[in-house]
Every structure is written in C-alpha cells, then in structure tokens.
Amino acid sequence: MRRSRPLLGTFVDISIEDDLLEANSIFQIVFGRIEDISNKLSFHNPASELSIFNSSEKSECLTISEDFAVVLKTSLEISAHTGGVFNPAIAPILQAHGTLPKLFQTEFKSVNESVRFIDNFKIEILNSVCLDFGGIAKGYAVDQACFLLKKFGVKNALVNAGGDIRAIGDKAQKIQIRHPVHPEKIAFTLNLKEKSIATSLCRNSFRGQLNSSIVNGVSGEPCYNNESVTIVHNSCMIADALSKVAFLLPKMQLETLLEIYNATLFVTETSVEKSYLSRSSTLCQAPLD
Amino acid sequence: MLPALITVASEQSFFIEKSFAITYLTLEEAQATLAPNANLQKIDLAISEEKIEQIEDYSGISFNKEGLQIWRASSGNFFIVDNVRGKHEYITYAVVLNSLGALQGLEILEYREAYGDEVRREAWRDQFKQKKIDNNLELNENIINISGATISCSQITKGIRRLLSLHNLVLKNLS
C-alpha cells in the first residue's frame, strides 16, 4: 500500500510492502509524526519551536524538544566538520534571495558561534541568530518515520519526502535520480536496501528567478551550477545535510567528510556535450552516452 | 567496488520518462478510508459567478467546477474530490470537511507528471475530467521512487484553501 500527503513543503510518499490489516492506522500515525516534526521545525509557521527560537534574544536560555535538540546538535556537528560551510544560520541570506519569506531581522552568522547546549534539552543563545533547518529537517523526518514503521513491525517499506528517501527491509528498492537540468529525464537509478539517499541541486526557479538554496555557510555565497549530488548513508538526516555541502567543499575536504560519515557520493554533471556520473570511491568521472 | 548494498541499476541513463502516474487510492478506497459508513449523497453544485470570483480571490487559483465532485454525509460532513495542477504535475486528492468547514482528513488519490507535448494533448487532459485512465496513453506503470528536484505542495495548499472557501460561501448554506 502506498500513500502520499503534502507535508514539509513537499509530498511525503510512504510505501508499505507488508500485507497488514492495520496499514491505514499505521499510515495515519506515521504521517501524524511527520506533521508534528514539521510543526516544530517549520520556518514559515510563526508558532513553531523554530520561530520561537528565531525570535529570541542574545543571552536567552530555551528548553527545547528532543526533535529540535537532535537536529540542532547534528547541525552543529556537521558545521564543525565542514569548517562552518554547513550552516543552518544562513536563513538571512535565503530571506534576502526570496527563497525564504522575510520573517526575521537578523544578520547572517555562524551557528557554532551563536548557540550552545547547556544540557541535552537546554540551549543558550550566544548571539541573536536566525536558523533554517531546510537542509536537514526532511531527512530527519524520514528517519523518524522509518523508526516508527519498524516499531509497528513493518518489515519492508520506503519513505520518500520530496526526494529524501529511506528504504527499510530485505527488498531492494529501485530509485530513479532526476537529471539536474532536465527533470523529465532520469540520470541514473540505484537499488537501495536499508539505506537512505538525498539528492540536492544548485538550481531552482522561484518566480522566474534563478535561486540557489545551496549557500556557503562561511562566505554567504550561493552556488550555481548544473550538477546534482546524491548522498547515500544509513541516516537520511545525514544524507540530506551532506548533500548540501558536497558542492561547496574542496575535493580533499569532501573526501575526508565522506570518510568520517562513511557516506557515498554520486555526482551527476552536465557539460555541453557529455554527461558524467562519478562515484566517490574514486571521484573519477566516467562518461555516459 | 561499490558496497554490496548499493548497486547502480543502470548507468545507461538519460532515458526520458514522458509521463508517469501513481495511483494511491481509488475513489471507493478514499471514501472507505476518509468517510467510512458515511451514507454519502452526491451533490450537484450550483454556484454563481460572483461566488467563484470570491473563491478565486481567496485561494489564489482558478475555480474549476468540472474537476470537483462533492458528496454530503448524513453527519453534515462533506467528502470532496478535487484536482490541482502544477507546471508538470496533476494531482487528484480528496478531503473531508466537517459541518463547520474544518479539514478532517486528506488523501492524495493520484499523482501524475508529464512533459512536453503530452500535457497539451486533449486526450491527456480529458482523462482527468472523466477520472479514467486511457490505456492507450503512454503511462509508465512501473514503480516510481524519484530523488531530485523537489516538487512543491503549494498548489495543493491553494486547492485546500479553495475548498475551505467553497464551504464557507456555498456548502454550509445548502439545505
């Protein structure tokens, strides 16, 4: 059985392969959990936990939910591993570009200099900062959905939140990766078994303007190119976050990052005449014709 | 060598998917899921141009009476099937609104994507009016799980606003 709901700004598609009488109830509960995460971490929702955080002042201390804590802690960790290139505090830049609505008046700064954990669920705001978890929250929601499905005894399933995907079970699932420039074409396919993938690209059209939500968290510069990157990892949250920085890091630093997280990278490049698929094991390019 | 759990199924790529459709629920399944035992009676919607204009103003999208199917339950709830369209996406969905117009349930019934000349073909468009799939059209029925450019759900959000407005202006006043 397969269901889809509009959540997290996109469509969340859940397939359960098992033949279960209670499948309808399971879908309802799992979508409910995703909606709960979306409500907490939404930049657009003025009542969300994230919006409360974004409205807070320097020196304020906040008690946060487990969902917020996990996503923030992971963001700080990846930010540290990437020298600040992964930075959820780029929201002011995304606001200026129109990718995010102009809801908060804050300057762009580093997340690691702006918030610290006092204990597991309490944080101190060191500098007034505006966060957006668009680069990691979908992946986190997919992981949580899969944990819940397993808790209900589901053996084989797939959760797809706008292209952030996790497969659970023995059955390999066929995943089609869109061409970054021609979305009606499929660039390549992967068979996924008990793994997650996330794909990011630098171009997206917003009200006719070319925008990029791939922004260097140190320089504030957006990245524009015709590539897409697909990260494969156990965790969809990690895959999601790493896919946002793969464009921005020099080769050596990227290889180190992939090794730290034991992640695999696929790059789909397009040039004038040939298109390439490269794999992280060698980062060499093989032409596809 | 790639780890055993990850295999590239096909490197001969860049094949074109002209269109694909995913059916999540049939109409009957959607009614059973969202409005079980509801004793649904179909409504023939009569609506003035003035009301249509108000709904379009509120929702930000055009009002398409042909794409709408409305049933009323004995409880006073409404079960509605509607369609929204993005640049390349066409989505059929169902909602339940209670007698006060609050959203009680939502399910996507069908999601379709098409590019190029396909979307301009009369037959491709007409299938959605008739809620039937014409087997002569090029629909890819293979299992589709796609990663890549994110499809926004903003159109369906506007569609729901359209239905909430319809309830407020028309449905709640039906005898």
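**Terms and basis of the model**

A residue is called buried when its relative accessible area is under 20%, exposed when it is over 50%, and partly exposed in between (1.4 Å probe, protein chains only). This is a predicted model, in which local features need pLDDT of at least 70 and side-chain atom pairs count only at pLDDT 80 or more, while totals for chains, interfaces and linings use all residues. Residues are numbered from 1 along each chain as its sequence is written, chains are lettered from A and ligands numbered from 1 in the order in which they are written, and side-chain values use heavy atoms, with hydrogens and water left out.

A30(B) lies in helix α1 (residues 27-34) of chain B; helices (H or I, at least four residues) and strands (E, at least two) are DSSP runs, numbered from the N terminus. With a relative accessibility of 0%, A30(B) counts as buried. Apart from its neighbours within four places in sequence, A30(B) is in contact (heavy atoms within 4.5 Å) with L25(B), A35(B), F79(B), A94(B) and L109(B). The C-alpha atoms of A30(B) and V81(B) are separated by 9.3 Å, although these residues stand 51 residues apart along the chain.

Q69(B) belongs to strand β5 (residues 69-72) of chain B. Its relative accessibility is 15%, so Q69(B) also counts as buried.

**Helix α6 of chain A**

In helix α6 (residues 236-245) of chain A, 10 of the 10 residues are buried, so the helix is largely enclosed by the rest of the structure. Among them are C236(A), I238(A), D240(A) and K244(A). The buried residues of α6(A) pack against α3 (66-81), α5 (137-151), β7 (164-168), β10 (196-201), β13 (228-233) and α7 (251-261) of chain A.

**The largest cavity**

On a 1 Å grid over the protein atoms alone, a cavity is a set of points where a 1.4 Å probe fits but cannot get out, and its lining residues have an atom within 4 Å of a point. The structure holds two cavities of 30 Å³ or more, and the largest has a volume of about 260 Å³, a volume being the space filled by probe spheres set on the points. Of the 21 residues that line the largest cavity, F11(A), N160(A), Y111(B), I146(B) and I151(B) are the closest to its centre.

Strands of both chains supply at least two residues each to this lining: β1 (2-7) and β2 (10-16) of chain A, and β3 (19-23), β8 (103-114) and β9 (146-147) of chain B. The most comes from β2(A), with three residues.

Notes
1 Å grid on protein atoms, 1.4 Å probe; cavity = no way out; pocket = protein on both sides within 12 Å on 5 of 7 lines; lining within 4 Å.
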